[in-house]
Amino acid sequence: MKLALIGGGNIGRFLLQSINIDCLIPNAKIIGLHTRCQEQAKELSREFEAEIFEDVESLLKSDADLVIEAATVEAVEEYAASILLSGKDLVVSSVGALADREFYKCLEEICILNNTKIHLPSGAIGGLDVLKAAKSIGELDSVSIITRKPPQALPGAPLDGEKVLFEGSAAEAIRLFPKNINVSIILSLAGLGAENTGVKIISDPAARKNSHTIEAAGSFGKLSLQVENDPMPNNPKTSYLAALSILASLKNRDELIRVG
Ligand SMILES: NC(=O)C1=CN([C@@H]2O[C@H](COP(=O)(O)OP(=O)(O)OC[C@H]3O[C@@H](n4cnc5c(N)ncnc54)[C@H](O)[C@@H]3O)[C@@H](O)[C@H]2O)C=CC1
Ligand SMILES: O=C([O-])CC(=O)C(=O)O
């Protein structure tokens, strides 16, 4: 499997190391890379033997089968359609972009016409299987997430004392915190939609982990799940599990016997 990567930050570097050096996905290699910072691109290209593409247009002319986005919500908005139109599948980290229903529908339409697929890894949370099963026939009544992170991982958070930075819907949360609450959108896509998913973001100076507490209720019963994530070493905003979930998603793609 030939892969191309957009974004060379924490998740991007982790994927380059795991796939190109540690060979954690059999028969896969990241052959090309595009990132906004040229210095970073040169360093990564040297270290991991992936070709640099100065723009996404030229990256799409490469023979990669699949593009992994590990950049920003804006990058998904800008490049997703052309990636799918080029016939390549797409793995999205910045799932917040799909909160916009019109954008979601437009990408879905492009996938149908071009026989391509979008993979949305579970990111820094779990429990999506429960929500999908719960709503397959029965009723899902409520879904919510409480995210608690150290202030260094949240914009505008005070360093002295716990503070609720946001309380409202996932749709509003991702508009205000596009780099911090992608988890609420993947949750909403598995469950009740971005307008109907409750979100609370708490900044907590005592927190050492990025924790996400998910509650859901419906005709299946109740779900209560807490994930306590270690942050990535160089970016406290991003949980290690988010990077791992992309590897899992790539592995899952080729599995003959799929769990979940
Ligand atoms: N789904 C989930 O559960 C999670 C999603 N994320 C999201 O994953 C994405 C990547 O996370 P990190 O690697 O930690 O971020 P990072 O900030 O460490 O790296 C982002 C990289 O993207 C590059 N970039 C930014 N805009 C670009 C553009 N328009 N075109 C090409 N490259 C561009 C930057 O130069 C940088 O190399 C972020 O959007 C983050 O919010 C992060 C954690 C959890
Ligand atoms: O990594 C995390 O814990 C969550 C996160 O940043 C996001 O959802 O954007």
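**Close-up 1. Ligand 1 sits in the second largest pocket of this predicted model.** A pocket here is an open set of 1 Å grid points, taken over the protein atoms alone, with protein on both sides within 12 Å along at least five of seven lines, and lining residues have an atom within 4 Å of a point. To sit in a pocket, a molecule needs more than half of its atoms within 2 Å of the grid points. The volume of the second largest pocket is about 930 Å³. Among its 43 lining residues, Ala 70, Ala 71, Thr 72, Ser 94 and Thr 238 lie nearest the centre. Helix 4 provides the largest share of this lining, 5 residues.

**Close-up 2. Polar contacts of ligand 1.** Look for pairs of N or O atoms within 3.5 Å. An oxygen atom of ligand 1 lies 2.6 Å from a side-chain N or O atom of Ser 94. Polar backbone atoms also take part: an oxygen atom of the ligand is 2.9 Å from one in Ile 11, and an oxygen atom is 3.0 Å from one in Gly 8.

**Close-up 3. The largest pocket.** This pocket holds about 1,100 Å³ of space. Of its 30 lining residues, Leu 120, Pro 121, Ser 122, Lys 132 and Asn 252 lie nearest the centre. Helix 9 contributes the most, with 6 residues.

**Notes.** Residues are numbered from 1 along each chain as its sequence is written, while chains are lettered from A and ligands numbered from 1 in the order written. Local features need pLDDT of at least 70, side-chain atom pairs count only at pLDDT 80 or more, and totals for chains, interfaces and linings use all residues; side-chain values use heavy atoms, leaving out hydrogens and water.

Conventions. A polar contact is a pair of N or O atoms within 3.5 Å; within protein, one must be able to donate a hydrogen and the other to accept it, and residues adjacent in sequence count only if both atoms are side-chain atoms. On a 1 Å grid over the protein atoms alone, a cavity is a set of points where a 1.4 Å probe fits but cannot get out, and a pocket is an open set with protein on both sides within 12 Å along at least five of seven lines; lining residues have an atom within 4 Å of a point. Grid points are joined across faces, edges and corners, and a volume is the space filled by probe spheres set on the points. Helices (H or I, at least four residues) and strands (E, at least two) are DSSP runs, numbered from the N terminus.
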